[in-house]
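Q: Please take a close look at one part of this structure and describe its side-chain contacts, charged and nonpolar. Give the cut-offs behind each term.

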Amino acid sequence: MNIGESGGFKDGAEQYGNKERYEKIWLEHYAAAKDYYEVHGDLNVLSGTKLYVWLSAQKYAKRGKRGCLTEQQTALLEDIGMIWESQRDLKWMWYYEHARKYYQTHGALNIPCTYVDGDGCRLGQWMARQRKAYRLKRSGKERGKHQPMITDREEKLLEELGIQ
């Protein structure tokens, strides 16, 4: 199997010394991911494990941040359930869907900080963090190390719900 075609090889080859070694190591890691998927039905591995680090590196490569993936590598990973979004993005969207439902029911996002919905979502606390991040971003000030972050996409989604 030649997984290094179509440009995905260069960065990996430089790291591992040559194309054949890169392909061998990539396939070994892929086999471990496939085994995990076959046992657990997902790729939600414990953070800090070698497999978690490798899967995270594949996500970075897919986004073009470090290395790159070939179409074949991408397809192989998708066949075993790879979810390309980060855990942070997935969690943010989970909260956002709760906020959207709240907005549809109540017509506003005036959510008390102590509000927890029926399935345990601490929507009030999350909304308070989003407002803080939104205001900080809109002010143009630089975000500090421990201040909440919001992406352009998230900002737009919250504005659609009337955040101020």
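A: Glu159 is partly exposed, at a relative accessible area of 34%; the class lies between buried, under 20%, and exposed, over 50% (1.4 Å probe, protein chains only). The model is predicted, so local features need pLDDT of at least 70 and side-chain atom pairs pLDDT 80 or more, while totals for chains, interfaces and linings use all residues. Numbering starts from 1 along each chain as its sequence is written, and side-chain values use heavy atoms, without hydrogens or water.

The side chain of Glu159 meets that of Arg138 in a salt bridge, 3.6 Å from N to O; the term requires a side-chain nitrogen of Lys or Arg within 4 Å of a carboxyl oxygen of Asp or Glu. This pair links distant parts of the chain, Arg138 in helix α6 and Glu159 in helix α7, 21 residues apart. Helices are DSSP runs (H or I, at least four residues), numbered from the N terminus. Arg138 is exposed, with a relative accessible area of 54%. Through shared partners, salt bridges join Lys137, Arg138, Asp152, Glu155 and Glu159 into one network. The structure holds eight salt bridges.

Next comes the nonpolar side. Within the largest nonpolar core, which has 18 residues, Tyr96, Ala99, Leu123, Trp126, Met127 and Leu158 touch the most other members. Such a core is a set of buried Ala, Val, Leu, Ile, Met, Phe, Trp, Tyr and Cys residues joined through side-chain atoms within 4.5 Å. Helices α5, α6 and α7 (152-160) each supply at least two of its residues. Leaving aside neighbours within four places in sequence, Leu158 is in contact (heavy atoms within 4.5 Å) with Trp92, Tyr96, Trp126, Met127, Gln130, Ile150 and Ile163.

Trp126 is buried, with a relative accessible area of 3%. Ring pairs link Trp126 with Trp92, Trp94, Tyr95 and Tyr96 into a cluster. Rings of Phe, Tyr and Trp (its six-membered ring) pair if their centres lie within 6.5 Å; planes under 30 degrees apart are stacked, over 60 edge-to-face, and the rest tilted. The whole structure has seven aromatic pairs. Tyr95 and Trp126 are stacked because their ring centres are 5.5 Å apart and their planes at 10°. This pair also links distant parts of the chain, Tyr95 in α5 (residues 87-106) and Trp126 in α6 (residues 123-139), 31 residues apart. Tyr95 counts as buried, at 12% relative accessibility.
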